[in-house]
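Visitor: Please show me how to read this model, one feature at a time. I would like the general idea before each case.

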Amino acid sequence: MIKIGVLALQGAVREHINSLEECGVEAVAVKRKEELEDLDGLILPGGESTAIRRLIDKYDFMDALKEFARSGKPMFGTCAGLILLAKELVGYDESHIGVMDIKVERNSFGRQVDSFEADLAIKDVADCFPAVFIRAPHIVEAGENVEILSKHNDRIVAAREGQFLGCSFHPELTENHAITAYFVEMVKESKTKHLV
Ligand code: GLN
């Protein structure tokens with residue numbers, strides 16, 4: 001059975017768990033770093049990246065998260081989670097986990113539109129995905145191994161680099177589980193590869 005964790009320090013955790021369960025896998029809310037050990041994949045949820053980072057440090061999660069990334073297991077960052085994964089952040093000297101070869105700008109859709117919905121075409125996922133953006137970041141630069149999966153008004157809002165998947169929006173806040181299902185497939189493929 002595939003087991004996927006959702007980092008449960010702050011943010012939209014329950015909704016991701018529901019979405020994973022709808023996709024037929026075991027889902028756990030990860031509150032202690034030891035719980036990362038027997039997972040096949042990990043979701044970093046949306047919320048507030050600075051708050052999540054503070055809690056990552058407080059509960060001594062950072063090395064374990066970097067080790068999880070190094071092990072090759074899939075990680076999916078949504079919104080604040082995308083910020084946590086990025087190697088570079090506009091306006092900041094340091095990244096957080098810093099493993100995905102992208103440069104991300106926080107709160108980049110402007111103050112007057114704190115949140116909005118848009119139907120997106122997402123490569124290999126859906127022709128029309130109802131994406132909910134909440135004080136969302138976007139990807140301003142992507143490395144050569146990064147596959148761009150979706151753009152909204154010329155801004156990159158979903159991308160994949162091997163084991164890493166990231167999006168600017170909150171897929172867990174809709175009834176459409178297509179992108180969660182895509183991540184579950186990534187996890188299944190990676191697990192088969194590791195077993196062979
Ligand atoms: N603006 C938030 C941040 O910078 C992200 C917003 C979200 O996750 N909905 O962390």
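**Reading the sites and the core**

Visitor: Let me begin with E172: is E172 buried or exposed?

Guide: Count the C-beta atoms, placed from the backbone, within 10 Å of the residue's own: 20 or more others make it buried, 12 or fewer exposed, and anything in between partly exposed. E172 has 25 such neighbours, so E172 counts as buried. Please keep in mind that this is a predicted model, where local features need pLDDT of at least 70, side-chain atom pairs count only at pLDDT 80 or more, and totals for chains, interfaces and linings use all residues. Residues are numbered from 1 along each chain as its sequence is written.

Visitor: What are the predictor's confidence values here?

Guide: The score pLDDT gives confidence per residue, from 0 to 100. The protein chain has a mean pLDDT of 96, with 97% of its residues reaching 70 or more. For the complex, the predictor reports an ipTM of 0.95 and a pTM of 0.97.

Visitor: Where does E172 lie, and which residues does E172 contact?

Guide: Helices (H or I, at least four residues) and strands (E, at least two) are DSSP runs numbered from the N terminus. E172 sits in the loop between β12 and α5. A contact is two C-beta atoms, placed from the backbone, within 7 Å. Setting aside neighbours within four places in sequence, E172 is in contact with A12, E15, H16, S19 and T78.

Visitor: Which residues does UniProt mark as "active site"?

Guide: UniProt positions use the numbering here, with shortened feature names, and may be inferred rather than shown by experiment. The unreviewed entry gives "active site" to C79, H170 and E172. These residues are spread over 94 residues of sequence, yet they cluster in space, with a largest C-alpha distance of 10.9 Å. H170 is also in the loop between β12 (164-167) and α5, and H170 is buried because it has 25 C-beta neighbours inside 10 Å. Beyond four places in sequence, H170 contacts A12, G46, T78, C79, V132 and I134.

Visitor: And where does UniProt place "binding site"?

Guide: The record, again an unreviewed entry, puts it at G47, E48, S49, R106, I134 and R135. They span 89 residues in sequence, but no two of their C-alpha atoms are more than 12.7 Å apart, so they gather at one spot.

Visitor: Which residues are around the ligand in the model?

Guide: Here a residue is included if its C-beta atom, placed from the backbone, lies within 6 Å of the molecule. The residues around the ligand are G46, G47, E48, S49, C79, A80, I83, R106, N107, I134 and R135.

Visitor: Are E48 and S49 buried or partly exposed?

Guide: E48 is partly exposed, with 15 C-beta neighbours inside 10 Å, while S49 is buried, with 25 others within that distance. E48 is in the loop between β3 (41-44) and α2 (49-58), and S49 belongs to helix α2. Outside four places in sequence, E48 touches Q10 and A80, and S49 touches A80, I83, L84 and H96.

Visitor: Which residues touch the most other members of the largest nonpolar core?

Guide: Such a core joins buried Ala, Val, Leu, Ile, Met, Phe, Trp, Tyr and Cys residues through C-beta atoms within 7 Å. Among its 58 residues here, L42, L85, A86 and F183 touch the most other members. Helix α5 (residues 178-195) gives the most to this core, with 6 residues.
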